[in-house]
Amino acid sequence: MEHELSPLLETVVIICIVGISISIFILLYRVLKGPTNPDRAVALDTIGINLMALAGLLAIFLVTTQFNDVILLIGILLFIGTIAIAKFLEKGVIIDRDHN
Amino acid sequence: MRTNDLIFRTTTSLIAFILLGFSFYLLLAGHNAPGGGFIGGLMTAAAILLMYMAYGFEAIRKIIPVNFKMVIPTGLFIAVLTGIGSFVFDQPFLSQTYGHFHLPILGDVELATAMIFDLGVYLTVVGVTLTIMLTIANDS
């Protein structure tokens with residue numbers, strides 16, 4: 001069960017982690033600075049997608065398959081969270097009460 | 001004001017099934033992999049919440065005619081019952097056991113009584129989460 005990561009793959013994964021970290025920092029600037037709320041919502045959504053990539057890279061780096069559920073989980077929670085934010089910005093209410 | 005949510009509703013009808021399947025997988029996989037009753041219950045609550053967001057309160061209350069406040073005591077009752085069940089076999093409270101069974105399609109599977117306790121946790125988490133969400137959403 002003990003697998004070693006080859007030096008080439010290790011270097012590539014570290015470079016990718018650094019790249020995605022830079023991407024998250026740039027997106028964080030958009031979250032803090034963004035002129036309108038939809039800008040912030042889109043930036044938070046993209047940060048979540050970068051977190052999925054980060055979890056996948058971490059799973060490669062640690063040579064484990066236990067993170068695969070986490071990646072799917074982040075995706076699902078991100079989708080629901082973004083839908084809730086979008087619906088709040090659009091209609092002001094998240095669950096319609098007297099509809100249909 | 002009625003707005004057209006065609007894309008959102010079509011996507012929801014597809015994704016809610018995937019979410020419910022994933023939550024069921026997490027509930028069953030909790031013994032040997034990450035997962036279990038808690039996160040499975042949260043995922044089921046997320047799927048039902050997604051349907052509530054897409055179709056509104058009244059429509060889903062007709063589709064899922066379950067009072068989520070009553071799901072909480074049901075889950076707690078199941079969890080306590082697995083603890084009391086160990087008294088029948090002259091064992092300490094909350095003892096657990098497992099056995100290998102031969103099922104028609106699945107073949108040889110290992111069934112543990114901890115699964116029933118997990119089911120109780122699952123129902124409790126679903127009930128608590130949806131009660132909180134719908135209570136907050138329902139105040140006027």
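**Entry 1: a pair in chain B.** Which residue does B:Glu58 form a salt bridge with? I looked, keeping in mind that this is a predicted model. The partner is B:Arg61, and the closest N and O atoms are 3.2 Å apart. Both residues sit in helix α3 (residues 57-63) of chain B, and because they are three residues apart there, about one helical turn separates them. I then checked accessibility. B:Glu58 comes out at 27% relative accessibility, so I noted it as partly exposed. B:Arg61 is also partly exposed, with a relative accessible area of 46%.

**Entry 2: the other salt bridges.** A:Lys91 has 27%, so I put it down as partly exposed.

I also looked at A:Lys87, which forms a salt bridge with A:Asp96. Their closest N and O atoms are 3.2 Å apart, and both residues are buried.

**Entry 3: helix packing in chain B.** Next I turned to helix α2 (residues 37-55) and helix α5 (residues 114-138), both of chain B. They pack at an angle of about 35 degrees, with their axes 8 Å apart. I logged the crossing of α2(B) past α5(B) as right-handed. On the α2(B) side, the contact residues include B:Phe38, B:Leu42, B:Ile48 and B:Tyr52. Among those on the α5(B) side are B:Asp118, B:Val121, B:Tyr122 and B:Met133. What kinds of residue make up this contact? My tally reads 13 nonpolar, five polar and one charged.

**Entry 4: a leucine in chain A.** Last, I picked A:Leu51, which lies in helix α2 (residues 37-61) of chain A. I have it as partly exposed, because its relative accessibility is 38%. Which residues does A:Leu51 touch, not counting residues up to four places away in sequence? I found A:Ile24 and A:Ile74. I also took the spacing from A:Leu51 to A:Ile14: they are 37 residues apart in sequence and 15 Å apart in space, C-alpha to C-alpha.

Notes
Residues numbered from 1 in each chain as written. Chains lettered and ligands numbered in written order. Predicted model: local features only at pLDDT ≥ 70, side-chain atom pairs only at ≥ 80, totals over all residues. Heavy atoms only, no water. Axes fitted to C-alpha atoms, helices over the stretch in contact; angles between N-to-C directions. Helix = DSSP H or I, 4+ residues; strand = E, 2+ residues; numbered from the N terminus. Left-handed = near helix turned anticlockwise from the far one by under 90°. Contact = heavy atoms within 4.5 Å. Nonpolar A, V, L, I, M, F, W, Y, C, P; charged D, E, K, R; others polar. Buried < 20%, exposed > 50% of the residue type's maximum accessible area, 1.4 Å probe, protein only. Salt bridge = Lys/Arg side-chain N within 4 Å of Asp/Glu carboxyl O.
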